[in-house]
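Dear colleague,

Here is the structure I promised to hand over, and my notes on it follow below.

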Amino acid sequence: MILFIALVVLIIGLFAEIFRYNKVKANAFSKEEVKKAAAEQAQKIRYRDPIVSCDYCGAKVDTSTQKVCPHCGAPYDKDEEWTSRFEVQDSFINKSTQEIIAQREEKAKIKGDEILKRIKIRIRVLVFLNLALIAIGIFALVVETGVKIRGNDELNESSFDDYIQADYTIEGDGVLIDENGIKVTVEGFYVEEDALEELRDYQHTSVKVAIRIENTTKKNLKVIIDCSSINGITKEVYYIYTYDYFKKNSVTDIYEKLSYVPFSDISEMIFDKIEIRDEDYNVVAESDGPVTITTTADMPENIVDIDTAEQIFTNEKVDIYAKNVFKSEDNGTQNGYVFYIVNKTNDTYSFERSDFKLNGIKDINAYGAHEATIPGGYTYVSDRAYSYDDDYNNLGNNALTVSFSFSTEEHPENNFSTGYIDISELR
């Protein structure tokens with residue numbers, strides 16, 4: 001506030017100095033003034049010595065008090081001494097005028113230079129204060145937020161995008177969460193226009209989902225959204241994972257790109273978690289379990305091709321399939337396993353995979369298929385599970401086993417573990 005007041009005072013002072021400068025420059029060239037001053041100077045010279053001699057009798061005449069010669073009464077208006085001494089010529093006035101003009105120009109230059117110096121100082125101070133105010137504003141914004149705020153997205157953010165609204169719509173209001181001043185809503189879906197018909201013949205495509213975040217609180221809030229289940233398939237990698245701050249008292253529209261969507265139409269999305277936190281990471285709001293969004297599109301059938309996989313476990317709750325895949329690396333071909341877990345119940349199951357065991361003794365740390373949450377009726381598809389351990393890639397006659405443990409919040413009594421399953425035959 002003090003800086004702002006100082007800035008206003010300096011600006012007013014700057015305009016006053018500019019006005020004074022222009023006034024000084026204008027007065028320096030007022031020729032009527034300098035001509036008048038020159039005439040006044042000439043008048044003073046005219047009356048400097050009033051005594052002359054009479055041309056007729058030689059008597060002294062005081063021209064300041066006597067109009068004719070006091071001795072002989074003769075007039076002196078044509079007296080040569082009078083005219084030569086006191087009639088000031090135009091040349092004298094012009095010369096005096098030029099001298100006065102030069103004097104006034106010099107005085108105006110000195111005065112103008114002084115004012116210009118003050119103007120330059122004020123401008124430097126103004127520039128400094130403006131930079132200071134900008135720096136303070138940026139600092140205040142950083143201090144206030146402490147994080148990067150996500151703004152509105154463009155649907156087609158690059159020249160390669162050609163997304164248009166899908167021909168299916170959301171059933172219901174699309175609200176994911178609405179409490180404590182924060183509302184998150186799925187607004188619609190968008191597909192690529194040029195490839196729309198062609199992509200219907202393929203099993204995977206990309207779709208953009210529009211999500212609106214309404215933050216009516218007085219705090220910047222972090223919105224955490226994750227979704228890994230679409231159209232009956234749960235992927236190991238999230239389809240959506242939003243972890244951004246959204247500005248207080250704002251409405252923000254974002255577009256999340258869903259890659260490798262099973263079939264082009266989205267019939268159902270299950271959001272595993274919607275959580276809102278403040279800048280101190282306190283929970284402001286959170287969903288009570290997974291949230292399902294459905295659309296007018298039909299649910300595709302036979303979306304997971306497990307014909308090439310081998311069933312390695314089954315009970316009344318889940319079926320587990322696996323197959324060995326290969327990936328060419330610089331050091332040769334590595335073993336890798338893809339797992340399919342079919343949740344045959346209506347409950348949501350979470351699972352964890354233990355490390356692979358070699359001959360039931362040695363643990364082999366591996367990547368992939370570590371843990372996930374599988375909604376009821378959904379099929380989990382893992383990424384390739386692999387390891388850099390030499391024994392893992394050169395199994396020989398050694399037995400490789402893996403185990404999974406499952407838990408459900410709906411019915412904890414149904415929690416179970418598969419025990420170690422031998423997958424040696426898949427290598």
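An open sheet of four strands runs in the order E21-E18-E24-E25 with antiparallel pairing, where strands (at least two residues) are DSSP runs numbered from the N terminus, and two of them pair if DSSP finds at least two bridges between them. Because strand E21 (371-374) and strand E25 (416-417) stand at the edges with a single partner strand each, one side of each has no neighbour in the sheet. E21 and strand E18 (residues 349-353) pair in the antiparallel sense over four bridges, and Phe351 has Ala372 in E21 as its bridge partner.

Please keep in mind that this is a predicted model, in which local features need pLDDT of at least 70 and side-chain atom pairs count only at pLDDT 80 or more, while totals for chains, interfaces and linings use all residues. Residues are numbered from 1 along each chain as its sequence is written, and side-chain values use heavy atoms, with hydrogens and water left out.

Buried residues (under 20% relative accessible area, with a 1.4 Å probe and protein chains only) make up 42% of the 427 residues in the protein chain.

Finally, the protein chain has six helices (H or I runs of at least four residues) and 26 strands.

Best regards

Technical notes:
Buried < 20%, exposed > 50% of the residue type's maximum accessible area, 1.4 Å probe, protein only.
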